[in-house]
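Here's a quick tour of some packing details to follow along with in the viewer. We'll go through ring pairs, a strand pairing and a helix crossing.

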Amino acid sequence: MSKYDRLADLWKVLKPLFDKMLNMDGLSKTEHASICNCVYGYCISVDTCGVGENSKVIGYELYKKLRCFFKQHVQSLKLKAERMTGSDLLNFFEKRWTNYSLAAKYIDHRCNYLNRNWVKTKVDEGQKDVVIVYSLALMLWKDELFKPCSRALMSAVLSEIERERRGDNIAATRLCTIISSLVDLCITSEQHPHYSPPPFIAELQMQSGVPPPAPYLSGDPHTPLDWRQGLPIYRDHFEQPFLHETMHFYEVESNQFLKSSSVTDYLKWVEARLEEERTRAQTYLHSSTLNELIKTVEDSLIGNHIETLAAEFQGLLKDNRIDDLARMYKALIRFEEGEARLVQTMELYVDEVGTAALKDVCQIAKSNPKVFVDTIIRVQRKNQELLELAFSGNSSFGRAIDKGCERYINRNAITELAGSSRKTPELLAKYSDFLLKKSTKEAQPDDLEKTLNYVMDVFKYVEDKDVFQKFYSNMLARRLVNNQSISEDAEAQMISLLKSACGVEYTSKLQRMFQDVSSSRELNARFIEWIGERTPLLCGVDFNIMVLSSNAWPFQPLGTINVPAELESCFKVFTEFYQTRHDGRKLTWCYQLCRGEVVAHYTKMRYTFQVSTYQMAILMLFNTSLSYTVSQIQSQTNIDPSILNQILQILLKRRILKITSNDEEEEQRHQMDDDGIVTSTLPLSPDSQLTLFMDYSNKRVRVNLNLPMKSETKQEAETTLHNVECDRKLGIQACVVRIMKMRKRMEHQQLVKEVIEQMSSRFCPVIQQIKLCINSLIERDFIRRDPSNLSAYEYVA
């Protein structure tokens with residue numbers, strides 16, 4: 001029997017070699033081989049004398065010797081550590097842990113046969129107190145050294161971290177080693193009983209005394225620690241006290257900093273502190289601590305001061321300090337309460353800025369749509385820039401801007417002067433008309449497509465979209481009839497934008513207008529061909545027509561007039577032609593929309609007057625006589641007296657006609673305003689004598705006399721608003737019938753709520769208006785009240 005077959009003799013060989021490992025003394029290859037041979041020889045030997053359970057498996061006595069060996073070594077370290085504090089204690093633990101853990105790995109590797117046989121057998125049998133040699137060494141370090149000294153050790157670690165936070169230089173590597181040791185100490189028999197760390201260092205390294213490489217750091221993302229979930233030692237002894245001290249440290253420091261510095265400086269300081277903590281976590285903390293650490297710091301530096309920080313938000317908005325706004329946004333967005341405060345302030349700010357901007361231009365904008373819309377667009381562009389640069393396009397802030405814009409666009413100083421929020425869609429429609437109408441007065445925008453998109457940005461906030469539709473429809477109709485559209489492509493683009501925003505139904509009549517214009521071109525071409533096949537029927541008159549669908553265009557005939565004979569023949573010829581193509585259709589002439597040209601042969605120069613049909617009918621009378629009274633003109637033309645008076649005022653002002661009267665100053669008292677709309681300080685009487693002004697002269701050969709009339713403009717606006725009200729009533733009634741037809745029975749409140757939801761895309765119906773419409777439907781037997789519940793309605797099939 002070899003001398004190594006007995007444990008006592010074997011231990012005399014092993015213990016000195018293990019001591020050399022713990023003391024970091026180099027071992028030769030022969031000594032390393034000797035340890036392996038001793039362990040192997042002992043584990044394969046057979047104990048013929050032993051009885052009982054321990055004699056069946058060889059390794060128990062050696063395992064017990066190793067336990068005592070590690071325990072005695074750790075206890076000797078504990079006696080030294082208990083006399084140390086502060087930096088000395090940290091140095092001691094750093095050095096001793098590095099040596100101990102590395103030696104434990106080598107001893108574990110040399111005892112690999114013991115781990116793979118005896119330890120594995122006991123673990124499989126369910127013995128909880130048996131673990132691999134490396135785990136045994138760490139458990140003894142934890143129980144015999146770390147736990148008794150943990151309070152002093154963690155106090156020293158936390159003091160070092162606080163010193164670093166205050167700006168002192170510390171040994172970060174030392175902290176990294178100590179903190180990572182806490183992660184390693186989380187190894188238990190249940191977590192990884194068979195783990196045997198590989199030999200990180202070759203035999204020659206230890207023999208030559210070359211310092212070993214550092215073990216895996218706990219903060220390293222590549223650390224193989226997936227089996228160390230929970231980390232109870234790390235969390236209980238270090239992380240929780242560390243986070244508590246962090247919270248206390250920053251609560252005190254943040255209060256002191258806020259008292260002595262501005263909010264903007266404080267936010268910059270918070271950014272710096274957060275970055276420092278991220279760097280700290282990556283340097284010597286476990287990666288799982290990062291999120292908890294940042295949350296703790298954010299709560300202390302930001303969460304506790306939301307009210308103070310948010311109070312400065314409006315001032316930063318007014319000063320347009322983009323960088324500081326972005327910094328405050330990034331800070332407070334982490335907290336639901338902080339985001340809510342900023343969003344609420346943003347909404348009020350947008351409303352306030354927009355209202356103030358419109359108030360500044362109120363007197364001009366109420367009659368100048370361009371100023372009104374350009375002001376809104378300018379505010380909108382600033383808001384959008386703020387959203388992108390300061391708030392990263394956050395949807396909550398986008399909704400806040402939308403709410404603020406909706407408020408000031410629909411309710412502002414201009415709508416207050418007008419007494420109605422409907423002034424906004426009216427002015428927006430007029431601005432669209434300005435963009436799409438040929439004009440020599442003001443220059444059109446360089447990028448029309450971009451400007452139309454800006455118009456649509458404003459349009460989406462308009463509550464009364466049906467009012468915009470009516471005004472826009474009227475203006476589009478006049479542009480098409482008078483051939484004043486800047487281009488058909490631009491008109492089609494605007495209609496496409498409206499269609500995308502409000503749907504097909506919203507633009508169906510607008511598209512029908514374009515179809516009528518296109519059909520009229522083809523109809524005119526066929527009419528000319530038809531005329532050419534016959535004798536000259538138009539008496540040399542250049543005659544073009546537009547046939548408009550009565551249900552698509554916003555025009556209604558204002559009554560008949562006695563047109564000149566030359567035109568009368570043209571009307572009859574076209575009516576004959578049209579009836580041959582469309583039997584059963586009725587043509588109704590809208591004389592107020594017709595226009596033409598007449599040539600003056602009585603002047604020294606030949607002038608061409610561009611006139612309306614009414615003006616043409618009046619001027620053609622003077623082919624038979626040079627003088628008429630107002631009453632005579634009215635009787636022969638059958639023009640409404642109120643309209644006739646305004647037309648005559650235009651002709652008098654332009655000195656086409658003159659008043660024959662004893663008061664020679666009367667004809668000098670007619671004036672025209674800046675918009676070219678005629679006014680008069682002296683109304684004409686039925687007996688006023690009007691004579692053709694034979695000495696007429698003008699620098700221009702072509703003279704436009706077809707000017708708008710004030711009464712016509714005012715009446716058109718009133719008619720449009722009246723039509724809106726009528727359409728709203730019909731729309732609400734149709735909506736109620738649709739809902740009731742589908743639901744059959746509904747409570748009053750539920751019906752009103754659903755009607756408001758469905759109609760809100762066009763306008764915001766008033767509850768009183770909904771009630772009136774419901775009563776009207778009840779009277780006409782579309783719905784009825786439930787006899788058993790008067791607050792409910794039933795559909796009448």
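Predicted model: local features only at pLDDT ≥ 70, side-chain atom pairs only at ≥ 80, totals over all residues.

## A tyrosine pair

Residues are numbered from 1 along each chain as its sequence is written, and side-chain values use heavy atoms, leaving out hydrogens and water.

## Aromatic rings

A pair of aromatic rings is described by how far apart the centres are and by the angle of the planes. Rings of Phe, Tyr and Trp (its six-membered ring) pair if their centres lie within 6.5 Å; planes under 30 degrees apart are stacked, over 60 edge-to-face, and the rest tilted. By this rule there are 39 aromatic pairs. One of them is F93 with W141, edge-to-face at 5.9 Å centre to centre and 85° between the planes. F93 sits in helix α4 (residues 86-110) and W141 in helix α6 (residues 133-165), so the two are 48 residues apart (helices are DSSP runs of H or I with at least four residues, strands are E runs of at least two, and both are numbered from the N terminus). F93 is buried at 4% relative accessible area, and W141 is buried too, at 1%.

Back to the tyrosines: Y607 and Y696 also pair edge-to-face, at 5.2 Å centre to centre with 85° between the planes. Y607 is in strand β2 (residues 607-612) and Y696 in the loop between β7 and β8 (702-704), so the pair ties together parts 89 residues apart in sequence.

Ring pairs also join up into a cluster, with W11, F18, F69, F70, F92, F93, W97, Y100 and W141 in it.

## Strand β4

Antiparallel to β4 runs β7 (residues 689-692), joined to it by four bridges (strands pair if DSSP finds at least two bridges between them). T660 has Q689 of β7 as its bridge partner.

## Helices α17 and α20

The axes of α17 (residues 369-391) and α20 (residues 423-436) come within 8 Å and cross at roughly 105°. Axes are lines fitted to C-alpha atoms, for helices over the stretch in contact, with angles from 0 to 180 degrees between N-to-C directions. The two helices are therefore roughly perpendicular (65 to 115 degrees; under 35 is roughly parallel, over 145 roughly antiparallel, the rest oblique).

How values were computed: Buried < 20%, exposed > 50% of the residue type's maximum accessible area, 1.4 Å probe, protein only.
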